[in-house]
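Dear colleague,

I am handing over a structure that will be new to you. Please look through it first, and then read the notes below it.

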Amino acid sequence: MSAQRMWLLWRVGVFLAALTPLLVWGWQVATNAAGPEPGRHLLLNIGIGALWMLLLTLSLTPLTKLTRWKGFTLIRRQLGLWTLAYATLHMLSYALFILGLDWAMLGSEVVKRPYMIVGTLALIGLAVLGVTSNRWAMRRLGKRWKPLHRLSYPILGLVLLHFLWVVRADLGEWAMYAALAALVMATRLPPVARKLPRLRYRFSRI
């Protein structure tokens, strides 16, 4: 198998893996297996899916440094766009199932409720990163592109804060995601990032 075909299959596999949860949740709603509030079932699961996508996207750079495998770099933009897609679907689910597509009410909700303000800011940030994730934007922005895309770090903080306000009654689940986020961000600290290639060398000698 040629390398080009192998990378294509890898990208298709990642696409299908990212799409599968949405299909499963949709099937659960269609077959009345989503509980008494199918709308809230979709809303919560898609929101958590967006958080997972963001964590996976941010983990690709340290994984690349640790393994030097090109495959992680090839799917970074793809997973970033999936993060935006999940976050957008999360907002649309709220507008549809909670507000009944009352767009005027959505505007007032965003202004009144802190968790909506934080979530909306995160979504806007993800949209900016999504729009500028192509090669044309990279050429136009030049050296400003990397600093711009470091917005993903505060966006992760906003998403965790949004999630904290939503699930205040169950901090255990939130703490798990916060710990994963802290681990992912710790790998980006310069002292840790410099050690990742050394860890790869040590593992290769075991």
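**Notes on loops and helices**

Asn32 is located in the loop that links H1 and H2, helices here being DSSP runs of H or I with at least four residues, numbered from the N terminus. The model is a predicted one, in which local features need pLDDT of at least 70 and side-chain atom pairs count only at pLDDT 80 or more, while totals for chains, interfaces and linings use all residues. Residues are numbered from 1 along each chain as its sequence is written, and side-chain values use heavy atoms, with hydrogens and water left out.

Most residues other than glycine have a negative phi. Asn32, however, has a positive phi, near 60°, and with 72% relative accessibility it counts as exposed (over 50% relative accessible area; buried is under 20% and partly exposed in between, with a 1.4 Å probe and protein chains only). Arg68, in the loop between H2 and helix H3 (70–74), likewise is not a glycine and has a positive phi of about 60°, and at 65% relative accessibility Arg68 is also exposed.

Helix H9 covers residues 152–166, and its buried residues are Ser152, Ile155, Leu156, Val159, Leu160, His162 and Phe163. Seen down the axis of H9, these fall within an arc of 160° (taken from the directions from the helix axis to the C-beta atoms), so they line one face of the helix. Among the elements that cover them, with contact meaning heavy atoms within 4.5 Å, are helix H2 (38–67) and helix H10 (171–186).

Best regards

Terms used:
Helix = DSSP H or I, 4+ residues; strand = E, 2+ residues; numbered from the N terminus. Expected span 1.5 Å × (residues − 1).
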